[in-house]
Amino acid sequence: MWIKKRFMRKFVAFALAMSTWMGGIGGVILVSMMLITVFDVMLRSLGRPMSGTYDLVALGGALIIGFSVPYTTMKKGHIIVDVLTQGLSERGQKVINICTRLISLCICFMIGWHLIKLGVDYYDKHEGSQTLQLPFYPIAYGLAAGFFVQCLANIAEIFQAVSGGENG
């Protein structure tokens, strides 16, 4: 039994490390987007707007969302509406929690898988942004990575619920 608990603790720590790493990358992208926007506004006031600002901000926004969701999950930062479950016993709430995490795990895995397929399609067709012609496939792969790390976060939450840890 202690081996299972030890594995679960290590898995949760690994999921937290991956989520934190991706969240950090998302933070760097966010700061970069803010700087790009500030420079674009300043240059526009001088009559020399930056070309491709919209492309960079739009693609960066997608990555920020994909990279921040796993970290938010691991830090229990999502809003939980428990109106329907607050009347249930602790065991009933745990079962509902595990079931919703399993559903989320399946959905996130399917989205990640389809994002990889979309990335391959973007690569094959050489699709990119309008102004800068930045390729879309790295963005699709990055978002897929975010969804796969979200799968790890969901599994970690299931482990925590089963072991009686946080959120359990």
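Helices (H or I, at least four residues) are DSSP runs, numbered from the N terminus. The model shown in these close-ups is predicted: local features need pLDDT of at least 70, side-chain atom pairs count only at pLDDT 80 or more, and totals for chains, interfaces and linings use all residues. Residues are numbered from 1 along each chain as its sequence is written, and side-chain values use heavy atoms, leaving out hydrogens and water.

**View 1. Ser 19 in helix H1.** Helix H1 covers residues 2-45, and Ser 19 lies in it. With a relative accessible area of 0%, Ser 19 is buried (buried means under 20% relative accessible area, exposed over 50%, partly exposed in between, with a 1.4 Å probe and protein chains only). Look around Ser 19 for its contacts (heavy atoms within 4.5 Å): leaving aside residues up to four places away in sequence, Ser 19 touches Pro 70, Tyr 71, Met 74, Val 149 and Ala 153.

**View 2. Ile 29, also in helix H1.** Here is Ile 29, found in helix H1. Its relative accessibility is 18%, so Ile 29 counts as buried. Not counting residues up to four places away in sequence, Ile 29 touches Gly 60, Leu 63, Ile 64 and Phe 67. Cys 108 is 79 residues from Ile 29 in sequence, and the two are 22 Å apart in space, C-alpha to C-alpha.

**View 3. Met 42 and Arg 91.** Met 42 belongs to helix H1 and is partly exposed, at a relative accessible area of 46%. Along the chain Met 42 and Arg 91 are 49 residues apart, and 57 Å separates their C-alpha atoms.

**View 4. Helices H3 and H4.** The axes of H3 (residues 90-125) and H4 (residues 137-163) come within 8 Å and cross at roughly 165°. Such axes are lines fitted to C-alpha atoms, for helices over the stretch in contact, with angles from 0 to 180 degrees between N-to-C directions. H3 and H4 are therefore roughly antiparallel to each other (angles over 145 degrees count as roughly antiparallel). In the contact of H3 with H4, the residues divide into 24 nonpolar, 6 polar and 3 charged (Ala, Val, Leu, Ile, Met, Phe, Trp, Tyr, Cys and Pro count as nonpolar, Asp, Glu, Lys and Arg as charged, and the others, Gly among them, as polar).

**View 5. Cysteines.** A disulfide is a pair of cysteine sulfur atoms within 2.5 Å, and by this rule the count comes to 0 disulfides. For Cys 99, the nearest cysteine sulfur is that of Cys 106, 11 Å away. Cys 99 is partly exposed, with a relative accessible area of 39%. For Cys 151, the nearest cysteine sulfur is that of Cys 108, 5.3 Å away. Cys 151 is buried, with a relative accessible area of 6%.

Note on methods
Helices (H or I, at least four residues) and strands (E, at least two) are DSSP runs, numbered from the N terminus. Angles under 35 degrees count as roughly parallel, over 145 as roughly antiparallel, 65 to 115 as roughly perpendicular and the rest as oblique.
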